[in-house]
Amino acid sequence: MTAHRAFTGTAKTIMITKICDEIGISMTEAQEFLLGLTYLHQIVSSPISLPTPVNQADAIAQRGQQLYRTSKTFCPDEIPRNDDGIINDKELTELLSINTKELPTSRYNA
């Protein structure tokens, strides 16, 4: 799918794959939905190559990875672990998550 027209150079085409389709939408419906998402950018009103929610998910995942690496390096004792020493993923997610913060008052990507 190519959602935009390049001003200079070549427009970037993205590949879309439906991994799980629990609601049974067609490829045309999925493409129309994703095309609509390409118009939701925070700064411009023109379509962009990568839908903003996908771009934001990547930015949030990258932030979580950086926080985990920093925690692992500078304060490894604060990483939650089970009794057998394995990292408790659920508690780690809650520790590093931004879901408990007020996102509307802060901008984390653009």
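Asn88 counts as buried because its relative accessibility is 16%, where buried means under 20% relative accessible area, exposed over 50% and partly exposed in between, computed with a 1.4 Å probe on protein chains only. This is a predicted model, in which local features need pLDDT of at least 70 and side-chain atom pairs count only at pLDDT 80 or more, while totals for chains, interfaces and linings use all residues. Residues are numbered from 1 along each chain as its sequence is written, and side-chain values use heavy atoms, with hydrogens and water left out.

**Surroundings of Asn88**

- Asn88 is located in the loop between H2 and helix H3 (89-96).
- The side chains of Asn88 and Asn82 are joined by a polar contact of 3.2 Å. A polar contact is a pair of N or O atoms within 3.5 Å; within protein, one must be able to donate a hydrogen and the other to accept it, and residues adjacent in sequence count only if both atoms are side-chain atoms.
- The Asn88 side chain also reaches the backbone nitrogen of Glu91, at 3.2 Å.

**Overall architecture and confidence**

- The protein chain has three helices and zero strands, and its elements run α-α-α from the N terminus on. Helices (H or I, at least four residues) and strands (E, at least two) are DSSP runs, numbered from the N terminus.
- Of the 110 residues of the protein chain, 20% count as buried.
- The mean pLDDT of the protein chain is 77, and 79% of its residues reach 70 or more; pLDDT is the predictor's confidence in each residue, from 0 to 100.
- Confidence in the protein chain is highest in helix H1 (residues 27-37), at 84, and lowest in H2, at a mean of 80.
- Where pLDDT is low, the predicted coordinates should not be read in detail.

**Positions in and around the helices**

- Gly36 belongs to helix H1 and counts as partly exposed, because its relative accessibility is 36%. Gly36 and Pro51 are 15 residues apart in sequence, and their C-alpha atoms are 8.4 Å apart in space.
- Thr38 lies in the loop between H1 and H2 and counts as buried, because its relative accessibility is 0%. From Thr38 to Pro53, 15 residues apart in sequence, the C-alpha to C-alpha separation is 8.6 Å.
- Gly64 is part of helix H2 (residues 52-74) and counts as partly exposed, at 21% relative accessibility. The C-alpha atoms of Gly64 and Leu96 are separated by 6.2 Å, although these residues are 32 apart along the chain.

**Cysteines**

- Zero disulfides are found in a search of the whole structure, a disulfide being a pair of cysteine sulfur atoms within 2.5 Å.
- Cys20 is exposed, with a relative accessible area of 57%, whereas Cys75 counts as partly exposed, at 26% relative accessibility.

**The largest pocket**

- The largest pocket has a volume of about 210 Å³. On a 1 Å grid over the protein atoms alone, a pocket is an open set of points where a 1.4 Å probe fits, with protein on both sides within 12 Å along at least five of seven lines; lining residues have an atom within 4 Å of a point.
- Residues lining the largest pocket include Ile16, Lys18, Cys20, Asp21, Phe33 and Leu34.
- By class, this lining has eight nonpolar, one polar and two charged residues. Ala, Val, Leu, Ile, Met, Phe, Trp, Tyr, Cys and Pro count as nonpolar, Asp, Glu, Lys and Arg as charged, and the others, Gly among them, as polar.

Methods
Grid points are joined across faces, edges and corners, and a volume is the space filled by probe spheres set on the points.
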